[in-house]
Amino acid sequence: MIRFDGVTKTYPRSAQPALADVTLDVGRGDFVFLVGSSGSGKSTFLRLVLREDVPTSGTVRVAGRDVARLSSWKVPHLRRQIGTVFQDFRLLANKNVFENVAFALQVIGKPRHHIAQVVPETLELVGLRDKARRLPHELSGGEQQRVAVARAFVNRPVILLADEPTGNLDPETSRGIMRLLDRINRTGTTVVMATHDTSIVDEARKRVVALSHGRIIRDDAQGLYDSGAVPAVGPMASRRSPAATS
Amino acid sequence: MRFQFVLSEILTGLRRNTAMTVSVVLVTFVSLVFVGAGALLQMQIGALKDYWYDRVEVSIFLCTDSSEAPTCIDGEVSQTQRDAVVAALQAPPLDTYVQSYEFESKAEAFARFQEQFADTTIGAAATEDQLNESYRVKLVDPTDFDVVAQYFTGTPGVEEVLDQRRLLDRFFAVLNVFTLVAGGFALVMIVAAALLIATTIRLSAFNRRRETGIMRLVGASKGVIQLPFLLEGVIAAVIGAGLASGALWAAVRYGVQGWLTSTLPLFNWISTREVFVVAPVLFGIGVLLAGVSSVVTLSRYLKV
């Protein structure tokens, strides 16, 4: 589904490559944690999948297509197959929950009856059916992130990218989001989740790809956040995640 | 759905940015008023030219007692000299240029003079003797004045050959200066409008960067993302063009037709028909102006 082949990305005015000779294969329906400290290359990896950037060398293939050779007017079609979730939710403050999710379909020209059917289904999936008329500021952080997940998933993308989706959430809420992403993954959607959240990674026991200075230093099938570390469970495990804000 | 969506986006943008939108409308309005006024003035000049050039004559003034020109050395023009002028007008080479001619006696000249300068001190002071007899010559092509002028220069008994067109041309030159001034203002205002539209759209794109960011992310096409901004500028410019057309229509309807035509009925004035010729051009300029400045701004400030 996502295949990186000897990918190097060097940003202009930067001596160090953000990604250096990365080769990685993410199969259809996989769930992959992308871990590593800030500046390790996680965000660059996601940007290349979304074709926000093109690699300096090597090839990035997404859903069978070489993204660097995609003409600019076909890029939107690529992005329609990818849902994206961010740490800061990125909801539209003046639209309610339903409208925020519907927005993703409106802007790609989906017919009204399709929207009227799919949006409630998706809100049901994320557990927000009864809060469809609420505005984002009336929701908790976890609920806002669920709206963001619903928006990312409403067009049934084949790939879901999540960039630190639990970064702003407390451990319990983070687990809820994780369960939601897991459920989406089980529908056959490939999920790539960049995270700092040790406990989430350690509890999930899924594939872990660790990046450091733009290189893959580890790729474990059922890995932990730190190789060799004892799986940490419980309240102490959240020490690596930022303080909960909501 | 997509059309409705774009429409609601435009309305949101216009509402959020009311002050800027109003300023775009006003600046476009003023600049297009200048453009339109310049165009209407040129049409007025054209109408006046058509009207007057058909009526202007070349006047061949004959000598009087008091004439000081070298050709008037013999004093008052003689009958022989008058006949020579008439013969020259009827014979080659002049006959092909001359459409018709008329003799104006001193008495007729005096009557016309009195009429033109009635109630003025000049009119009261003039006497019949001071005025010239003249031949009023209508040319086939009014621009051939020089042929006639040169032919009669130095002819005994002819004091001066005068082209009325020269007088009109001076008047038209003044009107042309007005057109240039209007054009100059229009140019400056159009530059201001273009920059203002660019700034407005930049601001609008900045205000809505969260929306456009999400649109990009979920795979909205370039058209859907950029069209609301583009149309926002175009709609503001169209409103400006509408106001400009309305203002020009009112000026012609009430200023020219309502006032000038009754005050100076001898002239051939433009009517609101001319405004309807100019208005589509103004709309075209407005749309083009907004379109071009939007596209340039969007390509720089709205990444897709």
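R216(B) is buried, with a relative accessible area of 14%; buried means under 20% relative accessible area, exposed over 50%, and partly exposed in between, taken with a 1.4 Å probe and protein chains only. R216(B) forms a salt bridge with E52(A), and the closest N and O atoms are 2.6 Å apart. A salt bridge is a side-chain nitrogen of Lys or Arg within 4 Å of a carboxyl oxygen of Asp or Glu. This pair crosses between chains: E52(A) lies in the loop between α1 (42–49) and β4 (57–62) of chain A, and R216(B) lies in helix α8 (residues 209–217) of chain B. Helices (H or I, at least four residues) and strands (E, at least two) are DSSP runs, numbered from the N terminus. E52(A) also counts as buried, at 18% relative accessibility.

This is a predicted model, in which local features need pLDDT of at least 70 and side-chain atom pairs count only at pLDDT 80 or more, while totals for chains, interfaces and linings use all residues. Residues are numbered from 1 along each chain as its sequence is written, chains are lettered from A and ligands numbered from 1 in the order in which they are written, and side-chain values use heavy atoms, with hydrogens and water left out.

**Confidence**

Chain A averages a pLDDT of 89, and 92% of the residues score at least 70. Over residues 230–246 of chain A the pLDDT is below 50, and this stretch has 21 contacts in the model beyond near neighbours in sequence. Here pLDDT is the predictor's confidence in each residue, from 0 to 100, and contact means heavy atoms within 4.5 Å.

**Salt bridges**

Side chains of opposite charge can pair when their charged atoms come close. Over all chains, the structure holds 15 salt bridges. The table gives some of them.

| Pair | Closest N and O atoms |
|---|---|
| E52(A) and R216(B) | 2.6 Å |
| K131(A) and E143(A) | 2.3 Å |
| R186(A) and D182(A) | 3.3 Å |

K131(A) counts as buried at 19% relative accessibility, and E143(A) counts as buried at 16%.

R186(A) and D182(A) are separated by about one helical turn, because they are 4 residues apart in helix α6 (residues 171–186) of chain A. R186(A) is exposed, with a relative accessible area of 62%, whereas D182(A) is buried, with 19%.

Two or more lining residues come from each of α3 (97–106) and α4 (112–126) of chain A and α1 (2–16) of chain B. α1(B) gives the most to the lining, with 6 residues.

L34(A) is found in strand β3 (residues 31–35) of chain A and is buried, with a relative accessible area of 0%. Not counting residues up to four places away in sequence, L34(A) touches several residues, including K42(A), F45(A), V192(A) and L211(A).

T179(B) is placed in helix α7 (residues 164–207) of chain B and counts as buried at 15% relative accessibility. With residues up to four places away in sequence left out, T179(B) touches G38(B), L41(B), Q42(B) and I45(B).

**Positive phi values**

Most residues other than glycine have a negative phi. D21(A), a residue other than glycine, has a positive phi near 50°. D21(A) is found in strand β2 (residues 19–26) of chain A and counts as exposed at 52% relative accessibility. R156(A) is not a glycine either, and its phi is positive, at about 50°. R156(A) lies in the loop between α5 and β7 (159–163) of chain A and counts as partly exposed at 41% relative accessibility.
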